[in-house]
Amino acid sequence: MRKYNVAILGATGAVGAEFLRLIEERNFPFAELKLLASKRSAGQVINFMGKDYVVEEATDKSFEGVEIALFAGGSISETFAPVAVKAGAVVIDNSSTFRMDPEVPLVVPEVNPEAIAQHKGIIANPNCSTIIMVMALKPLHDIVPIKRVVVSTYQAVSGGGKEAMAELEEQVADIVAGRPVTANILPGASLKKHYQIAFNLIPQIDIFKENLYTKEEMKMILETRKIMSAPDMKITATTVRVPVYRSHAESVNVEFEGPIDLAAARAALDKFPGVKMTDNPDEQIYPMPLNTSGLDDVEVGRLRYDESVDHGVNFWCCGDQIRKGAALNALQIAEYMIEHDMFDKK
């Protein structure tokens, strides 16, 4: 099997670390591996598959000879994605920089793999909450077209990076020990105010827009329409940060254009790649963040009719934000391209 020269930009963060775990777990065919980060993180040594790699500072010369560039996300993508493409790499980017660019495919491989072929060097990985939701929406939309979606998210602190995860741990320890609690990260490190997340919920993820939705909420709305090629789909979202380490949860209400059979919906979800039905109310079985952390599948449960409308269902879903919501989805895009010889045809 042909092997590929791979670079990971943002290798020292939570998503970068997950890239490395998945490359080993999935036996991803890499020849050379280059670990890149900002100047602040350069020089760290990461042992991977028995070999020590020194993290290099990303520069204009970093992508020479690289075929697959996995970007963990952040504002650095805007600077280095064009550089990597110019050097001959295909960039799979986890940041929000290119997602709504009409020239850049926004891809969840199980949902819209055909979009990959349209790339011009950059492929965007969707927002984590969007990925988890569309994995459940797609098989239902294939049965009966979706008219409207109302989603409320319960998002783990992993979405705020390893610093947010560390802060939750520190706050819990401080509370248990009776020490004063400090907050420096959430709802966003760059925001003027920060709130305790331990034993709390924060109904703000990212900045507020002029329409009073947060940027995270608008990402879910706009990205879902693009991924599902449904520009007129009505969607509203409320995104909330919760004191959970990993794995996002979502309460989703879907109204369809016509009648939908609940048994057919359940069967379609259960056979959809990457989705697992975890739904047995009699046995109190349903998806939970604790049980889905570290897993690849998006789990769906609490599936039931919405008795307040003619053609509606409710469901609850959970998925690991760092895996399927970020690193796994990006790596699956690369695997799809390898399987279809798309790197050799670019």
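**Strands, helices and an aromatic pair**

In this predicted model, Ala-37 stands opposite Glu-57, a residue of strand S5. Ala-37 belongs to strand S2, which covers residues 30-37, and S2 pairs with S5 in the parallel sense over two bridges. In general, the strands of a sheet pair through backbone hydrogen bonds, and the pairing may be either parallel or antiparallel.

The pairing of S2 with S5 is part of an open sheet of six strands, whose order is S5-S2-S1-S6-S7-S8 and whose pairing is parallel. The edges are taken by S5 (56-57) and S8 (122-124); each has a single partner strand, so one side of each is left without a neighbour in the sheet.

Helices also pack on this sheet. Helix H1, formed by residues 14-25, lies across S1 (4-9), S2 and S6 (68-71), and runs at about 155 degrees to S1. Helix H8, formed by residues 323-339, touches S1, S6, S7 (90-93) and S8. The direction of H8 makes about 150 degrees with that of S7.

An antiparallel pairing can be found in strands S3 (residues 45-48) and S4 (residues 51-54), which are joined by four bridges. Here Phe-48 stands opposite Lys-51 in S4. The two strands form a hairpin with two residues between them, and Met-49 in the turn has a positive phi of about 50 degrees.

The next topic is the packing of one helix against another. Two packed helices are described by the angle between their axes and the distance between the axes. For H3 (residues 128-143) and H5 (residues 215-227), the angle is about 40 degrees and the axes are 9 Å apart. This angle makes H3 oblique to H5. The crossing in which H3 passes H5 is right-handed. On the H3 side, the residues in contact are Cys-128, Ser-129, Thr-130, Met-133, Val-134 and Leu-137; on the H5 side, they are Glu-216, Lys-219, Met-220, Glu-223, Thr-224 and Ile-227.

Finally, the structure holds six aromatic pairs. A pair of aromatic rings is described by the distance of the centres and the angle of the planes. One of the pairs is formed by Tyr-4 and Phe-343, with 5.3 Å from centre to centre and 50 degrees between the planes, and this pair is tilted. Tyr-4 lies in S1, whereas Phe-343 lies in helix H9 (residues 342-345), so the pair ties together parts that are 339 residues apart in sequence.

Key. Residues are numbered from 1 along each chain as its sequence is written. This is a predicted model: local features need pLDDT of at least 70, side-chain atom pairs count only at pLDDT 80 or more; totals for chains, interfaces and linings use all residues. Side-chain values use heavy atoms; hydrogens and water are left out. Axes are lines fitted to C-alpha atoms, for helices over the stretch in contact, and angles run from 0 to 180 degrees between N-to-C directions. Angles under 35 degrees count as roughly parallel, over 145 as roughly antiparallel, 65 to 115 as roughly perpendicular and the rest as oblique. A crossing is left-handed if the near helix is turned anticlockwise from the far one by less than a right angle, and right-handed if clockwise. Contact means heavy atoms within 4.5 Å. Two strands pair if DSSP finds at least two bridges between them. Rings of Phe, Tyr and Trp (its six-membered ring) pair if their centres lie within 6.5 Å; planes under 30 degrees apart count as stacked, over 60 as edge-to-face and the rest as tilted.
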